[in-house]
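Reader: Got a structure to walk through. Can we keep it quick and start with the terms?

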Amino acid sequence: MSLTPRVYIQACIRAAAVRGCAAQVARRGFDGAGAVLLKLNRLDGTAQLLRPAWTDGDHRRWLARPPGPEAETDEEIARETARDPDIWVLEIEDREGRHPLDEPVELLT
């Protein structure tokens, strides 16, 4: 059984706090479903967007491009949410780009 986006985000916020990162819901989607995007804000004008990618079963992994200008990341989020209004966005603020995920993150080039 998979977690609802709301419950998953609550767990991420707690995990971020334990790791010394600030995290907040930047956009609330549909409670029962919807993808979760993670915006890693480095607080220096750059950010990185992590998108979910599923492997077998309920094992989650994430895809990400290298960090870039925060404005570009925000534009990408706006395009995604225009296509799918159910999307949740969790913003994590950390100067080192740390995140609370235990799942693997694959860096795209």
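Author: Terms, then. Helices (H or I, at least four residues) and strands (E, at least two) are DSSP runs, numbered from the N terminus. On a 1 Å grid over the protein atoms alone, a pocket is an open set of points with protein on both sides within 12 Å along at least five of seven lines, where a 1.4 Å probe fits; lining residues have an atom within 4 Å of a point.

Reader: And the ground rules for the model?

Author: This is a predicted model, in which local features need pLDDT of at least 70 and side-chain atom pairs count only at pLDDT 80 or more, while totals for chains, interfaces and linings use all residues. Residues are numbered from 1 along each chain as its sequence is written, and side-chain values use heavy atoms, with hydrogens and water left out.

Reader: Second largest pocket: which element gives the largest share of the lining?

Author: E3 does, with four residues. Strand E3 (46-54), E4, strand E5 (68-69) and helix H2 (70-83) each supply at least two.

Reader: How many residues line the second largest pocket, and which lie nearest its centre?

Author: The lining has 14 residues, and Leu49, Arg65, Pro66, Thr73 and Glu76 lie nearest the centre. Seven of the lining residues are nonpolar, three polar and four charged. For those classes, Ala, Val, Leu, Ile, Met, Phe, Trp, Tyr, Cys and Pro count as nonpolar, Asp, Glu, Lys and Arg as charged, and the others, Gly among them, as polar.

Reader: What volume does the second largest pocket have?

Author: About 190 Å³. That volume is the space filled by probe spheres set on the grid points, which are joined across faces, edges and corners.

Reader: Switching topic. How many residues are in the largest nonpolar core?

Author: The largest nonpolar core has 16 residues. Such a core is a set of buried Ala, Val, Leu, Ile, Met, Phe, Trp, Tyr and Cys residues joined through side-chain atoms within 4.5 Å. Buried means under 20% relative accessible area, exposed over 50%, partly exposed in between (1.4 Å probe, protein chains only). Val36, Leu38, Leu50, Trp62, Leu90, Ile92 and Leu101 have the most contacts inside this core.

Reader: Which elements give two or more residues to this core?

Author: Helix H1 (5-18), strand E2 (36-41), strand E4 (60-64) and strand E6 (88-93) do. H1 gives the largest share, four residues. There is also a second, separate core of five residues, including Leu37, Leu49, Ile87 and Val89.

Reader: Why might residues like these group up?

Author: In soluble globular proteins, nonpolar side chains tend to be buried together.

Reader: What is Trp62 in contact with?

Author: Contact means heavy atoms within 4.5 Å. Leaving aside neighbours within four places in sequence, the partners of Trp62 include Tyr8, Val36, Leu38, Leu50, Ala53, Leu101, Glu103 and Glu106.

Reader: Take Ala53. Buried or exposed?

Author: Ala53 is buried, at 10% relative accessible area. This residue is in strand E3. Beyond four places in sequence, Ala53 touches Arg60, Arg61, Trp62 and Leu63.

Reader: And where is Glu106?

Author: Glu106 is in strand E7. Glu106 counts as partly exposed because its relative accessibility is 39%.

Reader: Where does Glu103 sit?

Author: In the loop between E6 and strand E7 (105-107). Glu103 is partly exposed at 22%.

Reader: What about Glu91: buried or exposed?

Author: Glu91 is buried, at 12% relative accessible area. Glu91 is placed in strand E6. A polar contact of 2.8 Å joins the side chains of Glu91 and Asn41.

Reader: So what else does Asn41 do?

Author: A polar atom of the Asn41 side chain lies 2.8 Å from the backbone nitrogen of Leu43. Asn41 is in strand E2 and is buried, at 5%.

Reader: What is phi for Leu43?

Author: Near 65 degrees, a positive value in a residue other than glycine. Leu43 lies in the loop between E2 and E3 and is partly exposed at 38%.

Definitions and conventions. Polar contact = N/O pair within 3.5 Å; in protein donor to acceptor, adjacent residues only side chain to side chain.
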